[in-house]
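I opened my notebook to jot down a few things I wanted to look up. Here is what I went through, entry by entry.

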Amino acid sequence: MAARAWIIRLVVVDEVSMMPDLTASELKTHGVLAIEKALENRPEATISVRGEPRYVVMELAQYYELRESELSASLAESHADREAGRVVGESVDAHLERVSRKEGAGTTKDESLVDFMRRSPLFGAEDIEFG
């Protein structure tokens with residue numbers, strides 16, 4: 001969990017200084033040199049598109065460290081789940097059967113999830129927006 005908290009703090013610190021280090025226009029004009037200049041004094045830099053920060057670039061070594069921290073946090077969480085008994089030991093077939101039952105909540109025994117959705121009063125409605 002400590003690694004995950006570190007990642008969250010990194011994002012919050014970066015949001016405080018939202019001034020883009022580099023614009024898409026600069027990147028287009030100067031290419032990799034613009035990235036190298038932006039990374040001279042920081043481990044990561046933002047790239048803005050139309051005035052809005054949109055991307056983050058960093059040295060590959062920095063990315064690998066970040067990724068390793070994420071994977072370590074995930075592994076620690078998995079170990080904690082196992083120690084706390086929040087795991088299920090089952091075969092692949094049993095797992096697929098259990099997951100299918102959960103996804104098909106509200107369906108009859110012989111009805112697929114697709115058939116259930118087709119029975120929905122919302123099926124075919126064109127004025128519904130998902131966002």
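Entry 1: Is Arg67 buried, partly exposed or exposed? I found Arg67 partly exposed, with a relative accessible area of 36%. My note on the words: buried means under 20% relative accessible area, exposed means over 50%, and partly exposed lies in between (1.4 Å probe, protein chains only).

**Entry 2: what I am looking at.** This is a predicted model, so I kept in mind that local features need pLDDT of at least 70 and side-chain atom pairs count only at pLDDT 80 or more, while totals for chains, interfaces and linings use all residues. Residues are numbered from 1 along each chain as its sequence is written, and side-chain values use heavy atoms, with hydrogens and water left out.

**Entry 3: the chain as a whole.** I listed 6 helices and 3 strands (DSSP runs numbered from the N terminus: H or I of at least four residues for helices, E of at least two for strands). Along the sequence I read the pattern α-β-α-α-β-β-α-α-α. The chain has 131 residues, and 15% of them count as buried. I also noted an accessible surface of about 10800 Å², with 57% of that surface belonging to carbon and sulfur atoms (Shrake-Rupley method, 1.4 Å probe; for residues, only the protein chains shown count as cover).

**Entry 4: salt bridges.** Side chains of opposite charge can pair when their charged atoms come close. How many salt bridges does the structure hold? I noted 2, using this rule: a side-chain nitrogen of Lys or Arg within 4 Å of a carboxyl oxygen of Asp or Glu.

- Arg67 pairs with Glu70, and their closest N and O atoms are 3.3 Å apart. Both sit in helix H4 (residues 60–83), 3 residues apart, so about one helical turn separates them. Glu70 is partly exposed, at 31% relative accessible area.
- Asp81 pairs with Arg86, with 2.8 Å between the closest N and O atoms. Asp81 is partly exposed at 24%, whereas Arg86 is exposed at 54%.

**Entry 5: aromatic rings.** I found 1 aromatic pair in the structure. Tyr63 and Tyr64 form this pair, 6.0 Å centre to centre with 55° between the planes, and it is tilted. The rule I used: rings of Phe, Tyr and Trp (its six-membered ring) pair if their centres lie within 6.5 Å, with planes under 30 degrees apart stacked, over 60 edge-to-face and the rest tilted. Tyr63 is partly exposed at 39% relative accessible area, and Tyr64 is exposed at 51%.
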